[in-house]
Amino acid sequence: SFPMHFSTPDYVIFALLLVASTCIGLFYALSGGRQRTTQEFLLADRSMSCLPVSLSLLATFQSAVAILGVPSEIYTYGTQYWFLGVSYFLGLLVPAHVFIPVFYRLRLTSAYEYLELRFNKTVRIMGTVTFIFQMVIYMGVVLYAPALALNAVTGFDLWGAVLAMGLVCTLYTTLGGLKAVIWTDVFQTIVMFAGQLAVIIVGAHQAGGMGEVWRKAINGSRIASLDLNPDPTERHTFWTLGVGGVFLMLALYGVNQAQVQRYLSSRTEREAVMSCYVVFPCQQVVLCLGCLMGLVMFARYGEDSPLDKGYVKTNDQMVLYFVMDVFRDLPGLPGLFVACLFSGALSTISSAFNSLATVTMEDLIKPYWPAMTEAKATLLSKGLAFAYGLVCLAMAYTASHMGSVLQAALSIFGMVGGPLLGLFCLGMFFPWANSTGAIVGLVAGLVMAFWIGIGHFVSRMAVPTTLPPIINSTAMPLPSNMTTAVMTTAALYNLSYLWYSAHNSTTVVIVGLIVSLLTGPMKEKDLTPGTVYPVLGNLLFFLPECYREILYCVTPLPQKVGLSHPKEEEKTEETEREKDEDEETATPQPSCRLAHTLQETAL
């Protein structure tokens, strides 16, 4: 392996990225309302337009783990992963037309406020604590993974990189609030695109053009056809990616606080929905760039991967090795790609800090200290963002001792996101679900998630020596029911990680509904107006009006949507368009009809 090190231009470009990000934070700390209110610090004064919000949504999802992971996935297994793009369609349409209207009209700050309005305070706190646990673990991995790859390939100081990233990120998130987070995301998205494009163009040119790259990929059977195998234990098939992926997208784009907060920072509901639509083509472009990079890598190395030759130790490091190899004679470009990689990490972490500060403030502090002054609350929010920054650095240190548990930490992200998605679906689509059902459902979903996740991890280490003899052996016959149990458990442990979210959210909904029906379903009169989405009515739009009302009428709503929420009195100025909508729909009628009419007028 030849020595690869950063040149001076590389360090300069990398440093410029960190400086620019900090400057954006300082600019928003010293301009506008100077982040003096929690509304401005946590929700950007609900003043953002569609384009920055959509680029920010994209950047939050497109972390460094994806930039390193997708090309090495394509290089190793072929382009099957590309079919994940199919799931983006439903994964963004449902949030746009179901979750955003409900959250936006209730004028929430934290997505978990919804759980209290729909169920009770206990459910809200359980949802919040689950989310905090998920994000803190995930942040440590997002910080550590790119720094580790960078250290292995270029000798760049590991903890220097982690500290630089963590501190810069903490600084601009604490100073500039959500506005700074969104605008640095926009800047970082552009850097990400530039870095990936540079690698693809130069790499393809060195391999003899795009046509040659394609020819080598076909000869090396890296271009995957449509795999319609319905087996859920297959790692990647059209169904696991296209259908299982939808639930993963919904957990990310529908109910994850980091994304919900961006929708709520939009000027109007229409802009929030439009940002969802704009993300769709951007995500397809990002996915294609990752896939093309993997194919260019294959054209360069063929079957002799740097991993097999021992130049790198893990798949994650392969992409960086390839970049350093391609840009060997082009100083400055490796720095651009590393800046691209760290942009991915920074955008994800800053969103996490901001959303964690928000849920801690809104769900765990404000309800117990309602008399807190605005200035004190804002200061505390900034302190929380800063504290989570330090916690994240500590998590990165823990991640460094996990070794192969990095994979487990990423699975935890899927394992925890699924039950939360199930909890929101239970509240939004099933009017008779009660708070007991919600609590038992969430606990059942989490238990199931960790049982399968940890079982998968353990069985992967132990399977070769234990399971096959039990299942295939003729020498030691087992009772048939026990064989079935062993087979079912083995199949569950081998479930593709893309089905985790679907499996766990379904568990929450089914258990929640059964418990609700056993403990006395929720009465129509007890439901908070505007918290249930009239899903049946919208699906059965072809039925006559009178039948639809019987099917999905939820609660009479004698007041305007949103006024049931305590924050409504203190809300800042609204746009004229929203006021007009409210006046149009102020007449008393069933909430489901109202939600239906409102949705059609709004969109």
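Residues are numbered from 1 along each chain as its sequence is written. Because the model is predicted, local features need pLDDT of at least 70 and side-chain atom pairs count only at pLDDT 80 or more, while totals for chains, interfaces and linings use all residues; side-chain values use heavy atoms, with hydrogens and water left out.

**Overall fold**

The protein has 23 helices and 2 strands, taken as DSSP runs (helices H or I, at least four residues; strands E, at least two) and numbered from the N terminus. Of its 603 residues, 56% are buried; buried means under 20% relative accessible area, exposed over 50%, and partly exposed in between, with a 1.4 Å probe and protein chains only. The accessible surface is about 24000 Å², and carbon and sulfur atoms account for 68% of that area. Areas come from the Shrake-Rupley method with a 1.4 Å probe, and for residues only the protein chains shown count as cover. Of the contacts (heavy atoms within 4.5 Å) between residues at least 6 apart in sequence, 85% link residues at least 24 apart.

**Surface patch**

Leu 163, Leu 167, Phe 386 and Leu 390 make up a nonpolar surface patch with about 350 Å² of accessible area together. Patch residues have over 30% relative accessible area and no salt bridge, and nonpolar side chains (Val, Leu, Ile, Met, Phe, Trp, Tyr) are joined within 5 Å, like charges within 9 Å. A salt bridge is a side-chain nitrogen of Lys or Arg within 4 Å of a carboxyl oxygen of Asp or Glu. Helices H8 (158-207) and H15 (374-400) each contribute at least two of the patch residues. Leu 163 lies in helix H8 and is partly exposed, because its relative accessibility is 41%.

Most residues other than glycine have a negative phi.

**Thr 128**

Thr 128 belongs to helix H7 (residues 121-154) and is buried, at 0% relative accessibility. Its side chain makes a polar contact of 3.0 Å with the side chain of Asp 363. Such a contact is a pair of N or O atoms within 3.5 Å; within protein, one must be able to donate a hydrogen and the other to accept it, and residues adjacent in sequence count only if both atoms are side-chain atoms. Beyond its neighbours within four places in sequence, Thr 128 touches Tyr 112, Val 359, Asp 363 and Leu 364.
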